[in-house]
Amino acid sequence: MNTKELQRASRFLALVLRHAPDRAGIALDPQGWADVGDLLAGCRRAGHRLTPEDLRSIVETNEKRRFALSPDGARVRAQQGHSVEVDLELEAVDPPGLLFHGTVGRFLPAIRREGLRPMNRHHVHLSVDRGTARAVGARRGAPVVLTVDAARMHADGHPFGVSGNGVWLTGSVPPGYLLD
Ligand code: HQG
């Protein structure tokens, strides 16, 4: 596959492994893993002629490390960002004192009122640095970076997890923990 085909295949994999496994005619296990053989067959049926080496290359070169292969290479899953029900079995971990969330101005009134909600995903996504949060917000327009008092949230009993690709995840952020 050339670079362009790999990029298209990578986008298709994100769709299948996070949101719509039926688009490749496969099912995910409860932890979000897909059998590599089934997935590649499903990709072929959908017009993406991926070899196992193409898949490995996508997993290894993806700029956000969106996907992970199981240690034996037999299964693959998205590291975060799901809308389908999966249990990523994230360990509860102590977050850094502050975490950041990138959004856009038009969402601020609702965010100030309700706090950050996971919307279509399973978790609110938070970043350790402002730059990453700014880039996340910039997907939608002029970015606005919100600062989350993660230390106080954690002390108050809100669990946090961190995905294999370094995205901090929590169920929701009540408005009182937004510092800006
Ligand atoms: C906003 C990408 C109104 C929230 C990125 C965001 C990230 C509210 C949008 C990952 C709200 C949800 C996740 C409220 C939150 N009222 N709007 N109460 N609470 N929002 O895409 O964080 O490329 O589900 O600010 O890099 O933008 O997919 O979340 O704007 O890591 O790998 O509702 O997706 O990674 O949007 O992005 P999303 P996100 P990938």
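Q: How far apart do the C-alpha centres of domain 1 and domain 2 lie?
A: In this predicted model, the C-alpha centres of the two domains are 27 Å apart. The protein chain is divided into domain 1, residues 3-78, and domain 2, residues 98-177.

Q: How many residues surround the ligand, and which are the closest?
A: There are 18 residues around the ligand, and the closest are Arg18, Lys64, His101, Thr103 and Glu114. By class, the shell has 8 charged, 6 nonpolar and 4 polar residues.

Q: What lies 2.7 Å from an oxygen atom of the ligand?
A: That is a polar side-chain atom of Thr103. An N or O atom in the side chain of Arg139 is 2.9 Å from an oxygen atom of the ligand. At Gly115, a polar backbone atom is 2.9 Å from a nitrogen atom of the ligand.

Q: What percentage of the ligand's accessible area does the protein cover?
A: On its own the ligand has 780 Å² of accessible area, and the protein covers 89% of that.

Q: Turning to secondary structure, which elements give two or more residues to the shell around the ligand?
A: Those elements are β4 (98-104) and α4 (108-114). The largest share, 3 residues, comes from α4.

How values were computed. Residues are numbered from 1 along each chain as its sequence is written. This is a predicted model: local features need pLDDT of at least 70, side-chain atom pairs count only at pLDDT 80 or more; totals for chains, interfaces and linings use all residues. Side-chain values use heavy atoms; hydrogens and water are left out. A residue is near a molecule or strand if one of its heavy atoms lies within 4 Å of it. A polar contact is a pair of N or O atoms within 3.5 Å; within protein, one must be able to donate a hydrogen and the other to accept it, and residues adjacent in sequence count only if both atoms are side-chain atoms. Accessible areas come from the Shrake-Rupley method with a 1.4 Å probe; for residues, only the protein chains shown count as cover. Helices (H or I, at least four residues) and strands (E, at least two) are DSSP runs, numbered from the N terminus. Ala, Val, Leu, Ile, Met, Phe, Trp, Tyr, Cys and Pro count as nonpolar, Asp, Glu, Lys and Arg as charged, and the others, Gly among them, as polar. Domain bounds come from an automatic or database domain assignment.
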